[in-house]
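Visitor: Hi, could you walk me through this one? I'd like to start with a helix pair.

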Amino acid sequence: MQPRNMSMSGVVDLAAVKQAQEAKAKAEQARAEAARNGGTGAVSPADLVIDVDEARFESDVLQRSTEVPVVIDFWAEWCEPCKQLSPVLERLAVEYNGRFLLAKIDVDANQMLMQQFGVQGIPAVFAVVAGQALPLFQGAAGEAQIRQTLDQLVQVAEERFGLTGIAVDPEAEPGAAQAAAPERPAGPHDAALEAAVQALDAGDLGGAVQAYKNVLAEDPGNTEAKLGLAQAELLQRVQNADPQRVRQDAADKPGDAQAQIAAADLDLVGGHVEDAFGRLIDTVRVTAGDERDAVRLRLLELFEVVGADDPRVAAARRALARALF
C-alpha cells in the first residue's frame, strides 16, 4: 500500500516541504499518548535494529518515521559487501542510542520494496524521515563517511522535522514498548486525506484540491489539509506550463509581476526554495499597487507550502518586511 505523505512516483520533488509540521504534530502526539499510558515509549537497545518486510513496512518504517529517522539497509545473504556494511550500521544504531532506527530489508524476499525505492544494486542505504524517502549511499562505505551521513541525517530530522529520536532503556524487554503502545485511532478525516494523496500521486490534481477543500470545510484548522491544499494548488498551477517559455518570459520582464510569479512557482516545484522566495521579494521591491499585492499574496501562499517552521520561511518573512516597509 502506498503510504500517505510518501510518494515514490518522482513526479515532483518538493524536498519534504509539507511534512515538517505534520511530523512534529505526530511526534508530539506519540509522546503524549505514551505519557498518558504511564510510560515513556522507551525501547530496548535490541529494538533499534529490526527486520522489515513488505507486510510490516507501513507500521515499522512509515509510521515510526514520524517519531524517529529510520535508516533502511537493503541487503541479501549472497552479497559480500553487505556482510561488511550491515554490522557497522547495526553497531552505530546502538551507539547513536535512539537517534535513528535501523530497518534491514532482504531484497530477495521483498522485491516490491526494492523496486519502489529504485534500488539498482546492494548494499544500498536509504532513510525515511516523516514519510519522506531519502537516498543516503550505495556500496560498502567507510565508517567515517557513514558517521558523517548519519550526523547530517539526525541534524536535519531534528531541525526540519522536530524529530529528536526515541528513548532507550537498557532494562526494557525487547519489543515491550511496541506491544504496549496503543494503536492510534483513525481520525475523522483520514480517509479523505488518504484519497487526496492518492489523487496527487495519480496526477489528479483537481481531485486532490477538492478532497483537501472538503476536509477544510468541516475542519478549517486541519494542518495536513492546509499544507496539502497549498501543494496541490501549486502543482495545478504549473501542470501545463512550458518551463522554457516561463523562464524566458521572466528573464525578459524582470519587473512584470505575473511573469515572476509564474517563474517562482516553477522554482519551488523544482525544490529551489530560496530562489522562489528571492524572486518574489525582489519583485515586491520594484512593483506597486495591485501588482505588488499579487506578488505578496503569492509569496504568502508559497510560505504555506514550505511550512512556517522552515528557517527559510522565517528569513524570507524578514526580507519581505524590509521590502515592504
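Visitor: Which residues of α11 meet α13?

Guide: In this predicted model, Ala257, Gln258, Ile261, Ala264, Asp265 and Leu268 of α11 are in contact (heavy atoms within 4.5 Å) with Glu291, Ala294, Val295, Arg298, Leu302, Val305 and Val306 of α13. Helices here are DSSP runs of H or I with at least four residues, strands are E runs of at least two, and both are numbered from the N terminus.

Visitor: How many of those contact residues are nonpolar, polar or charged?

Guide: Nine are nonpolar, one is polar and three are charged. Ala, Val, Leu, Ile, Met, Phe, Trp, Tyr, Cys and Pro count as nonpolar, Asp, Glu, Lys and Arg as charged, and the others, Gly among them, as polar.

Visitor: And what angle do α11 and α13 pack at?

Guide: About 10°, with the axes of α11 (257–269) and α13 (289–306) 10 Å apart. Axes are lines fitted to C-alpha atoms, for helices over the stretch in contact, and angles run from 0 to 180 degrees between N-to-C directions. So α11 is roughly parallel to α13, a label for angles under 35 degrees.

Visitor: Before I go on, what are the ground rules for the numbers?

Guide: Residues are numbered from 1 along each chain as its sequence is written, and side-chain values use heavy atoms, leaving out hydrogens and water. As the model is predicted, local features need pLDDT of at least 70 and side-chain atom pairs count only at pLDDT 80 or more, while totals for chains, interfaces and linings use all residues.

Visitor: New topic: what order do the sheet strands come in?

Guide: The order is β1-β3-β2-β4-β5, an open sheet with mixed pairing. Two strands pair if DSSP finds at least two bridges between them. At the edges are β1 (49–51) and β5 (132–138), each pairing on one side only.

Visitor: How many bridges join β4 to β5?

Guide: Six, and the two strands run antiparallel. One example is Val125, whose bridge partner in β5 is Phe137. Helix α5 (143–161) packs on the sheet too, touching β2, β4 and β5, with its direction at about 165° to that of β5.

Visitor: Nice. Which peptide bond is cis?

Guide: The one from Ile122 to Pro123, with omega near 0°. Pro123 sits in the loop between α4 (111–116) and β4 (124–129).

Visitor: Last one: where is pLDDT under 50?

Guide: Residues 1–21 stay under 50, and so do residues 179–184. pLDDT is the predictor's confidence in each residue, from 0 to 100, and the protein averages 81. Where pLDDT is low, the predicted coordinates should not be read in detail.

Key
Parallel < 35°, antiparallel > 145°, perpendicular 65-115°, else oblique.
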